[in-house]
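Here are my notes on the structure, written as numbered points for someone new to reading such models. Please keep the sequence and the 3D view open while you go through them.

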Amino acid sequence: MMYPVKPVRTLMGRLDHDADLLEALTHICREERIQLGRIEALGAVKKAALGYYDQEKKLYRSFEIDRQLEILNLVGNISLKEGEPFVHAHVTLGDDEGRSYGGHLIAGTPIFACEAIIQVYEGPALRREVEPVTGLPLWVTLN
Ligand code: ZN
């Protein structure tokens, strides 16, 4: 099911050096009371912590890449989980030989530099609830 949303506001700025990438994005969304939106970002991180969802076991496995990487692309969305703005983001990261790595962004990824754009939408409140087939907290609508 797809729902119409309307762009109402766009925020653009730089995130703090050494801040955690996912926590910094989540903090902005909570400060700005953003309940619905999309995120894009680029920059660099000092190291990365990523998740990969094991579809058989229905759980996230996490892994770390312990070196500096470029954020080639970060794409994410903002919705509500347990009543709070929640960021779901995936990143593609590049190393010094142009190889890329990617995954579901989790806490543990310190920023070296990051430029982000957040597009705020108006629309039906999407909130996350655990969906039994996938085991994932997927979107349902409030109205
Ligand atoms: Zn994900």
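1. Thr26 has its place in helix α1, which covers residues 21-31; helices here are DSSP runs of H or I with at least four residues, strands are runs of E with at least two, and both are numbered from the N terminus. Because Thr26 has a relative accessibility of 16%, it counts as buried, where buried means under 20% relative accessible area, exposed means over 50%, and partly exposed lies in between, using a 1.4 Å probe and protein chains only. Apart from neighbours within four places in sequence, Thr26 is in contact with Pro85 and Val87, contact meaning heavy atoms within 4.5 Å.

2. Before going further, please note that this is a predicted model, in which local features need pLDDT of at least 70 and side-chain atom pairs count only at pLDDT 80 or more, while totals for chains, interfaces and linings use all residues. Residues are numbered from 1 along each chain as its sequence is written, and side-chain values use heavy atoms, with hydrogens and water left out.

3. Which residues of α1 are buried? They are Leu21, Leu22, Ala24, Leu25, Thr26 and Cys29, and what covers them includes the strands β1 (6-15), β2 (37-45), β5 (69-81), β6 (84-94), β7 (100-105) and β8.

4. Leu25, leaving aside neighbours within four places in sequence, is in contact with Leu15, Ile39, Leu74, Val87 and Ala116. In soluble globular proteins, nonpolar side chains tend to be buried together.

5. Strand pairing deserves a careful look, and two strands are said to pair if DSSP finds at least two bridges between them. β2 pairs with β5 in the antiparallel sense over 8 bridges, and Ala41 has Leu74 in β5 as its bridge partner. β2 is also joined to β8 by 9 bridges, again running antiparallel, with Ile39 standing opposite Ile118 in β8.

6. Glu122, placed in strand β8 (residues 111-122), is partly exposed at 46% relative accessibility, and its contacts beyond four places in sequence are Val5, Lys6, Val8 and Leu36.

7. Finally, the zinc ion is coordinated by His88 (NE2), His90 (NE2) and His104 (ND1), at 2.0 to 2.1 Å, and its donors follow the spacing H-x1-H-x13-H along the chain. Donors are N, O and S atoms within 2.8 Å of the metal (3.2 Å for Na, K and Ca), and water is not among the atoms, so sites may look incomplete. His88 is partly exposed, with a relative accessible area of 21%, and His90 is partly exposed with 39%.
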